[in-house]
Amino acid sequence: MPISADTLRGYTDTIILAQLLREDSYGYEINKNIRQRTNGDYEFKEATLYTAFKRLEQNGLITSYWGDEESSARRRYYAITEAGRERWEERAREWKETRALLDALLSLEVGHESD
C-alpha cells in the first residue's frame, strides 16, 4: 500500500539529501532511485522536486553544476555540501526519535510501571 505523501511531506529535503550523500545526481535519477527504494510506492512530483532543489541550494545545503554529457542533453547535477551533511544528520536523528515516539504511541502493548 502506497504511503501517504502527507506522512513524508516534512522530510522532502532530508530524502533528497540522503540520495546525494550516496553520489552527485540529477533530478530524474534521484526520483528513479526513490521509486526503486520504495518499490514504486513513492516518488516526488516534478514541481516538488525542483522547488526543493532550489530551496536547498539557496540555503547552502547543495550546489549544482552542469554535467558534460556528449551523447544526450546536458543535465544539472546536484551535490551535497558540508552544511547539507550536517542537516541530514540532524534530521535523521530527529526522525529516529519521532519514529520511536510514534512506535510507543501506536503500540497495542500495555506497559506496566511499578510505583
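Predicted model: local features only at pLDDT ≥ 70, side-chain atom pairs only at ≥ 80, totals over all residues.
1. Three strands form an open sheet in the order β1-β3-β2, and their pairing is antiparallel. Strands β1 (25–26) and β2 (62–66) lie at the edges, each pairing on one side only. In general, strands of a sheet pair through backbone hydrogen bonds, in either a parallel or an antiparallel sense.

2. The β1 and β3 pair. Two bridges join β1 and β3, in the antiparallel sense. For tyrosine 26, the bridge partner in β3 is tyrosine 77.

3. The core. The largest nonpolar core has 18 residues, and those touching the most other members are Ile16, Leu20, Phe44, Phe53 and Ile62. At least two residues of this core come from each of α2 (12–22), α3 (27–37), α4 (46–58) and β3 (76–80). As a general rule, nonpolar side chains in soluble globular proteins tend to be buried together.

4. Phenylalanine 53. Which residues does phenylalanine 53 touch, leaving out those up to four places away in sequence? They are Ile16, Gly27, Ile30, Ile62 and Tyr78. Two of these contacts, Ile16 and Ile62, are also named among the core residues that touch the most other members.

5. Leucine 106 belongs to helix α5, which covers residues 82–106. Is leucine 106 buried or exposed? Leucine 106 counts as exposed because its relative accessibility is 66%, and the cut-off for exposed is over 50%.

Note on methods
Residues numbered from 1 in each chain as written. Heavy atoms only, no water. Helix = DSSP H or I, 4+ residues; strand = E, 2+ residues; numbered from the N terminus. Buried < 20%, exposed > 50% of the residue type's maximum accessible area, 1.4 Å probe, protein only. Core = buried A, V, L, I, M, F, W, Y, C linked by side-chain atoms within 4.5 Å. Contact = heavy atoms within 4.5 Å. Pairing = 2+ DSSP bridges.
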